[in-house]
Amino acid sequence: MQVAATASQAKTAHGLNTAFILKKAVISALVALVLFSLMIGIRTEAGSDGQLTWWTRFGDLAAMVAVVFGGSIVMELLRHWWGPVETVRVVPPSAQKAFSFAGRALVPALLIFAFLVPVIFYDERYILDLGILVLTYVMLGWGLNVVVGLAGLLDLGYVAFYAVGAYSYALLATNFGLSFWICLPLAGILAAFFGVLLGFPVLRLRGDYLAIVTLAFGEIIRLVIINWQTLTGGPNGISGIPRPTMFGIPLTPGDDGLAARLGIEFSPTHRIVFLFYLILALALLTNWVTIRLRRLPIGRAWEALREDEVACRALGINTTTTKLTAFATGAMFGGFAGAFFATRQGFISPESFTFHESALVLAIVVLGGMGSQLGVALAALAMIGGFELFRGLEQFRMLVFGGAMVLLMIWRPRGLIGHRAPTVFLERNTAISSDLVKEGHG
């Protein structure tokens, strides 16, 4: 009876406060009115004669303010329904079971759908290209997740390893005639070497200082690519990069092509489907290796480093080796993705490896949930696919996308699927015998 009365009092204390909700919605609408007045309400452009022309869009401004007003009310209502009320959760137990079952079935469903995408959308070249792009960013996100999510090292220059892998494959393939399958591991090894080079200067750095140095490293690699024209081609990039083959069999319309050997009609879609399954296999390999490493002592050392570096040192863990292996492992996966990017495009240039790419991959890791493989995949699908979904909104696309990110950070500050639980932990307290504990002397 007492527990029921306590729960009833808690629900009453946390009941709907209509005045508070309306007040907060009005304040949010006023803030939106001030912020969007110049962004949406007034539009300016340079005319043909060089003079500034402007016009008003008060209707769009009013619609945006109304959306913010209504969204604020909906957010408060959802917060009241979803949020915990002391020890009693508002979400019904049946709904919790349904969400738990959906979470367990989500991974197999996504994997089956990924394998069936080329079959379902065989005639949709746009869908296949978009799927390849999403899987590329999933692989990049999983690679950066090793550094940021598992080891807790903020890396803003991850695009440097992406560029090293792409240029390594392009230079080896064009100058030495090596195949994709030989250049792929070499590109990963070279990227891992550059990851170790980055790791040494930042061994004693943390937080903002670490982020600044990694950002500078990414810019150094980009500037080297631009200025070392005799090797990288400078701003002109490298063209004529060989396409991948299916273990020596080219996907061309000739007599030695795969279609001719199988006795089927050649189609340009064959190469796109092959690239889709290739990046899917590379992404799954990245996921499998990351999960396996996480269960090994080095993975547990990464997690210990992420939680508390001082305690990690006190436990006798070599933080130097731990940091270097994290940078090298994440860089290796970035190099693999870069090699695939080069062979898929057939042309690379420094414009493809700017800070924007590092920021995008980092946003995928943070929004998906640092340390969560599934969360990173969902965030990559939402962000890369979201850009295409809202492409028709033109100038409102970035506004809608930014608003969605803000809402996600409000409701899920740890990401879509926040996962920081260690791989090894005690399920219950274990008593230690007094015979095993002895006061030291000397």
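Guide: What follows covers the surface patch, the cores and the aromatic pairs.

Visitor: What should I know about the model and the numbering?

Guide: This is a predicted model, where local features need pLDDT of at least 70, side-chain atom pairs count only at pLDDT 80 or more, and totals for chains, interfaces and linings use all residues. Residues are numbered from 1 along each chain as its sequence is written, and side-chain values use heavy atoms, with hydrogens and water left out.

Visitor: Which residues make the nonpolar surface patch?

Guide: Leu111, Ile112, Phe113, Phe115, Leu116, Val119, Ile120 and Tyr277 make a patch of about 740 Å². Patch residues have over 30% relative accessible area and no salt bridge; like charges are joined within 9 Å, nonpolar side chains (Val, Leu, Ile, Met, Phe, Trp, Tyr) within 5 Å. A salt bridge here is a side-chain nitrogen of Lys or Arg within 4 Å of a carboxyl oxygen of Asp or Glu. Areas come from the Shrake-Rupley method with a 1.4 Å probe, and for residues only the protein chains shown count as cover.

Visitor: Which helix gives the most to it?

Guide: Helix 4 (residues 93-120), with 7 residues. Helices are DSSP runs of H or I, at least four residues, numbered from the N terminus.

Visitor: And Val119, buried or exposed?

Guide: Exposed, at a relative accessible area of 59%. Exposed means over 50%, buried under 20%, and partly exposed in between (1.4 Å probe, protein chains only).

Visitor: Now the inside. How many residues are in the largest nonpolar core?

Guide: It has 93, and Leu144, Leu153, Tyr169, Ile348 and Phe353 have the most contacts inside it. Helix 5 (residues 125-150) supplies the largest share, 15 residues. Apart from this core lies another of 7 residues, among them Ala29 and Leu61. A core is a set of buried Ala, Val, Leu, Ile, Met, Phe, Trp, Tyr and Cys residues joined through side-chain atoms within 4.5 Å.

Visitor: How many aromatic pairs are there?

Guide: The count is 11, with Phe, Tyr and Trp rings (for Trp, the six-membered one) pairing if their centres lie within 6.5 Å; planes under 30 degrees apart are stacked, over 60 edge-to-face, the rest tilted. Phe161 and Phe217 form a tilted pair, 5.9 Å centre to centre with 40° between the planes.

Visitor: Why is the pair of Tyr169 and Phe180 edge-to-face?

Guide: Because their planes are at 75°, with ring centres 5.6 Å apart. Tyr169 is buried at 0%, and Phe180 is buried at 3%.

Technical notes
Helix = DSSP H or I, 4+ residues; strand = E, 2+ residues; numbered from the N terminus.
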